[in-house]
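Subject: Structure handover

Hello,

Here is the structure we talked about handing over. Please open it beside this message and follow along.

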Amino acid sequence: MTRRFTIGKKIYVSVLSLFLLFAIAFIVFQQYRERQYKVETLTLRLQDCNDQIHDAIMFNHDSDMGSFLRLYLRKGSFRNLRVTIIATSGKVIYDSSTDFRTMANHAKRPEVEQALKSGFGTSLDRNSNTLGCDYFYCATYYRVDGYVVRSALPYDVDLAKALRADFHYIWFSMVVVILLTMVLYRFTNRIGGNITKLNEFATRASSRGVSFDKDWNEVLGGFSNDELGDTAERIVKLYLRLKKTQQEQSVLKRQLTQNVAHELKTPVASIQGYLETILEHPDMAPATRDNFLERCHAQGQRLAALLNDMSTLNRLDDGAEMMIFDKTDVAEIIRTVELESKFALEQKGMTMTCDMPDEMIIHGNGSLIYSVFRNLTDNAIAYAGDNTHISLKASRGQGCWRFTFSDDGVGVAYEHLARLFERFYRVDKGRSRKMGGTGLGLAIVKNAVRVHGGTISVKNNPGGGLCFEFSLKD
């Protein structure tokens, strides 16, 4: 179902509404401020005119007031200027536009009342009762002389134009609004496009039956070329990588389950077969019964070793961070492995030399470090061949210890090298089972090295045999 308003459109409409509201408020305020400024300017000019009239009256106090005021108005800078002289009682002493003797008392006129209180006063758009038209009044009270000089201009088209705000900045504001609207639309359109693409991906990803093996270049290519687009693209890639990893883990889990079932089946079947034979033949010769019981015991030991190795791998996979790490002497562990393997080495005519410092202290888990060197040693004893030599060298690296564990035995074919660390992988499956191996030893070695912050690799020696190179972080 298509939404009428995407998140991008909602952001665009919301921000644009706020911006337009602010722009309108600014224009109205600016108009008001400009009008006020022009009114104040006009008021100052009329006050100056009042002062000039007052000075003229004082200079010509012995002359006819009407005569010299009419002369002043003809020479003045204001056209249609009206001048009224008002006594403090409100009685009109003189008016340039009408017979002042017929005019009513002006004491209650707003501009006059304000002037008598504060010194000057104004009144805008007030209709004149005498002349019947609108005027702009400015009155100044001269306290020493005891009268008010009031000048007035008719509020006609000319005065309205003079007081009207300049609209040039309004057009400029409109151009700015249009440009910002376009920028805002492009910005929100990018945001909305990225969010829509993410929503589309989430919808398709959550739908049943969606194949994650398909090419998602179309989805990834739809994001904008900016930080938000890069972030959205990373989210999609991380999800796809996680999904792919989950699928791979699922496949590996099924393979592991099958391998475990297969590996457990062999010793269990052997034990069951031997015991059934013994039970079905109670008169079996004691020597034969003892032989069968020894084989059952050997298969039981193999089964216990297999379960122990599986338990170790599970701990490494699921709870490595829960293991206890402490100050561990790797050299001491190697000497212990060498001593425990002495009898097995002598049985096969093998020798082992260790070139290492007397002490190698790291922060690690002693049990896992032991399993690394014990499994490598047991693997060499089992598969290197009789009368071969094992060499272990250790050297100090940058923040770690580096080890080389090699033998001069038969080695393995090149195509098997990359898979030696896989669980239950065997170069010669029949021979490996006869040797009693579980197929998990090298997998434990790799995971234990990884838990200790190191890496491991394997290659064939030029002269024969295998060479394992690995590191353990301090």
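Below is what was found in it, going from the whole chain to single residues.

Keep in mind that this is a predicted model.

**Overview**

The chain has 474 residues, and 39% of them count as buried. Its secondary structure comes to 14 helices and 12 strands. Take the contacts between residues at least 6 apart in sequence: 64% of them join residues at least 24 apart. The accessible surface is about 28,700 Å². Carbon and sulfur atoms account for 56% of that surface.

**The cores**

The largest nonpolar core has 41 residues. Met360, Phe373, Phe403, Phe405, Phe468 and Phe470 have the most contacts inside it. Helices H9 (330-340), H11 (366-383) and H14 each give two or more residues to this core, as do strands S9 (389-396), S10 (400-407), S11 (456-460) and S12 (466-473). H11 supplies the largest share, seven residues. As background, nonpolar side chains tend to be buried together in soluble globular proteins.

Beyond its sequence neighbours up to four places away, Phe403 touches Val330, Ile334, Met360, Phe373, Leu392, Lys393, Ala394, Phe468, Glu469, Phe470 and Leu472.

**Helix H14**

H14 covers residues 441-451, and nine of its 11 residues are buried, so the helix is largely enclosed by the rest of the structure. The buried ones are Gly441, Leu442, Ala443, Ile444, Val445, Asn447, Ala448, Val449 and Val451. Just after H14, Gly453 takes a positive phi of about 75°.

**Strands S9, S10 and S12**

S10 pairs with two strands named here. With S9, the pairing is antiparallel over seven bridges. With S12, the sense is again antiparallel, over seven bridges. Ser395 has Arg402 in S10 as its bridge partner. Ser406 stands opposite Cys467 in S12. Six of the eight residues of S10 are buried, so this strand is largely enclosed by the rest of the structure.

S9 and S10 form a hairpin with three residues between them. In the turn, Gly399 has a positive phi of about 75°. Asn387 is not a glycine, yet has a positive phi of about 55°. Its relative accessible area is 63%, so Asn387 is exposed.

Asp355 lies in strand S7 (residues 351-355). Asp355 touches Leu392, Lys393 and Ala394. Asp355 and Ala394 are 39 residues apart in sequence, but their C-alpha atoms are 6.4 Å apart in space. Asp355 is partly exposed, with a relative accessible area of 49%.

**Salt bridges**

How many salt bridges does the structure hold? There are nine. Three of them deserve a look.

- Asp378 and Arg374: the closest N and O atoms are 3.1 Å apart. The two residues are four apart in H11, so about one helical turn separates them. Both are partly exposed, Asp378 at 31% relative accessibility and Arg374 at 23%. Glu340 joins Arg374 and Asp378 in a network of salt bridges.
- Asp474 and Arg396: the N to O distance is 2.5 Å. Asp474 lies in the segment after S12 and Arg396 in S9, so the pair ties together parts that are 78 residues apart in sequence. Asp474 is partly exposed at 32%, and so is Arg396 at 48%.
- Lys459 and Glu469: the closest N and O atoms are 3.6 Å apart. The pair links S11, which holds Lys459, with S12, which holds Glu469. Lys459 is partly exposed at 41% relative accessibility. Glu469 is partly exposed at 33%.

**A surface patch**

Which residues make the nonpolar surface patch of about 400 Å²? They are Val175, Ile178, Leu179 and Met182. Met182 lies in helix H5 (residues 168-206). Its relative accessibility is 54%, over the 50% cut-off, so Met182 counts as exposed.

Best regards

Terms used. Residues numbered from 1 in each chain as written. Predicted model: local features only at pLDDT ≥ 70, side-chain atom pairs only at ≥ 80, totals over all residues. Heavy atoms only, no water. Buried < 20%, exposed > 50% of the residue type's maximum accessible area, 1.4 Å probe, protein only. Core = buried A, V, L, I, M, F, W, Y, C linked by side-chain atoms within 4.5 Å. Contact = heavy atoms within 4.5 Å. Patch = residues over 30% accessible without salt bridge, like charges linked within 9 Å, V, L, I, M, F, W, Y side chains within 5 Å. Areas by Shrake-Rupley, 256 points an atom, 1.4 Å probe, with all protein chains shown as cover. Salt bridge = Lys/Arg side-chain N within 4 Å of Asp/Glu carboxyl O. Pairing = 2+ DSSP bridges.
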